Amino acid sequence: MGLSSVRYQWSLFALLWLQIATTTSAADVLAVSVQNLRESLEGPFGVNRHHVTNPEGKTAARRHITETFRRHGLDVTLQDFTGPKGNPGKNGTNIIGVKRGKLYGSSDDKIVAVGAHYDTVSTSPGVDDDGSGMAAMLEMVRVMTSCAQQKYSVIFVAFDHEEDGGVSARQANDNPCDIDRGADDFVCSWLLPFIESSGQPEFQGIFMLETIMNYDPRPNVQTFPTGFQLLFPSIHRKMQALNFSGSFISLIHKPDEAQLVASVQQAWEERAREPVDANSEAVRAPVSGKPSRLQTTVFYDLVGRSDCLSFWVREPYFRCVFVTDTANYRGTMQQCYHSPCDDVTSITPEKLNFLAKVTDALLQATMKLAEVDVDSCTEGSMTVTAGSMTDAACPANGAWTFTLVLSGLAAWSLSTLQFS
């Protein structure tokens with residue numbers, strides 16, 4: 001074999017090795033960034049966002065969400081609304097971002113949505129309630145927009161005025177388009193017209209992210225609403241066997257949302273992320289379609305505590321899965337719910353890993369429902385942050401890739417020096 005032939009083979013081997021070393025896998029591209037979640041929680045969602053006590057903080061959060069949606073190429077709508085009967089104190093703005101699928105605008109589309117609320121009560125920074133939901137949704141936006149092709153459309157919504165309260169079960173059932181919540185205006189004034197103008201496509205449902213970071217594996221930190229043991233005895237027995245630890249995420253739903261919940265739980269089981277002992281718990285309310293006034297009253301502490309209420313208590317009925325860490329029924333949030341101590345000091349590495357695990361499962365479920373082509377995903381929309389692509393459960397991944405790159409460069413250099 002001649003010298004030129006050996007040189008050629010060495011160079012070919014070196015370039016091939018370098019290509020393998022620098023190729024980003026689909027798993028890398030679709031990885032949830034713990035660092036991004038932390039930066040969201042310590043940044044725009046780490047301060048009070050109430051329209052009276054800190055309007056500047058709320059405006060900054062709204063601007064951040066809007067800019068993030070636009071930067072990642074979503075079709076953005078700022079839905080301004082007024083309160084019932086024109087109450088100016090209830091005016092607000094929902095922020096809507098649409099990632100179009102191939103079937104967008106047609107009756108064959110099967111829309112899936114993700115929502116969280118960006119406002120807070122007047123007395124709290126709302127890091128868990130609901131900064132955690134907002135951080136997760138924006139991270140889902142970042143990852144999903146790295147994929148160029150998907151069959152069905154996805155709607156992301158940042159809701160305003162979830163924290164206004166004062167909505168009774170009777171009012172919600174009797175006047176489903178006239179309650180003090182931004183989600184109500186979204187459903188009645190944006191979603192319904194959008195579906196009608198698109199040829200009546202199917203609305204697969206919405207994942208409502210509402211306080212999803214509070215991981216607490218200690219025993220005897222988990223409590224439940226009054227009557228929970230009677231309504232859901234098997235789940236209560238399971239929690240008792242786990243010593244009432246707060247190491248699970250709840251997926252509160254009705255029978256109509258069983259497929260949505262199954263997609264999340266499948267992703268939860270298939271994805272090996274820390275904390276490995278954390279579970280996803282499906283809590284199914286035995287109510288089909290629009291609930292009666294009595295049914296809404298009975299399950300109000302389960303369904304009325306999130307923006308799912310606006311989707312559940314209307315005709316036609318819209319599917320909604322209430323994703324929550326149970327808020328004030330767990331650990332420190334029993335004292336910090338709607339209080340000043342729901343702040344950045346509550347953030348821990350364990351809670352961030354739990355939040356990343358929840359985000360990842362919801363991301364995978366949403367991508368599956370939207371039929372995203374993972375081969376079309378690239379690094380284009382990824383935030384370049386030190387350690388941002390390192391999975392919480394695989395901290396050595398970045399170092400391994402860097403080692404491969406250096407190995408490829410070394411091989412190429414050696415071939416050049418040896419045969420020059």
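## How helix α7 is enclosed

In this predicted model, helix α7 is largely enclosed by the rest of the structure, because 12 of its 16 residues are buried (under 20% relative accessible area, with a 1.4 Å probe and protein chains only). The buried residues of α7 include G182, A183, F186, W190 and I195, and they pack against the strands β1 (75-81), β2 (92-99), β3 (110-117), β4 (154-159) and β5 (202-209), as well as against helix α13 (308-312). Helices here are DSSP runs of H or I with at least four residues, and strands are E runs of at least two, both numbered from the N terminus.

## The course of α7

Helix α7 covers residues 182-197 and reaches 21 Å from its first C-alpha to its last, close to the 22 Å expected at 1.5 Å a residue, where the expected span is 1.5 Å times one less than the number of residues. At L191, α7 bends by about 30°, and the proline P193 follows within four residues; the bend is the angle between axes fitted to the seven residues ending at a residue and the seven starting there. After α7 comes G199, whose phi is positive, near 85°.

## The chain as a whole

The secondary structure of the chain comes to 16 helices and eight strands, and buried residues make up 54% of its 420 residues.

## Basis of the values

Residues are numbered from 1 along each chain as its sequence is written, and side-chain values use heavy atoms, leaving out hydrogens and water. Local features need pLDDT of at least 70 and side-chain atom pairs count only at pLDDT 80 or more, whereas totals for chains, interfaces and linings use all residues.

Notes: Buried means under 20% relative accessible area, exposed over 50%, partly exposed in between (1.4 Å probe, protein chains only). Contact means heavy atoms within 4.5 Å.
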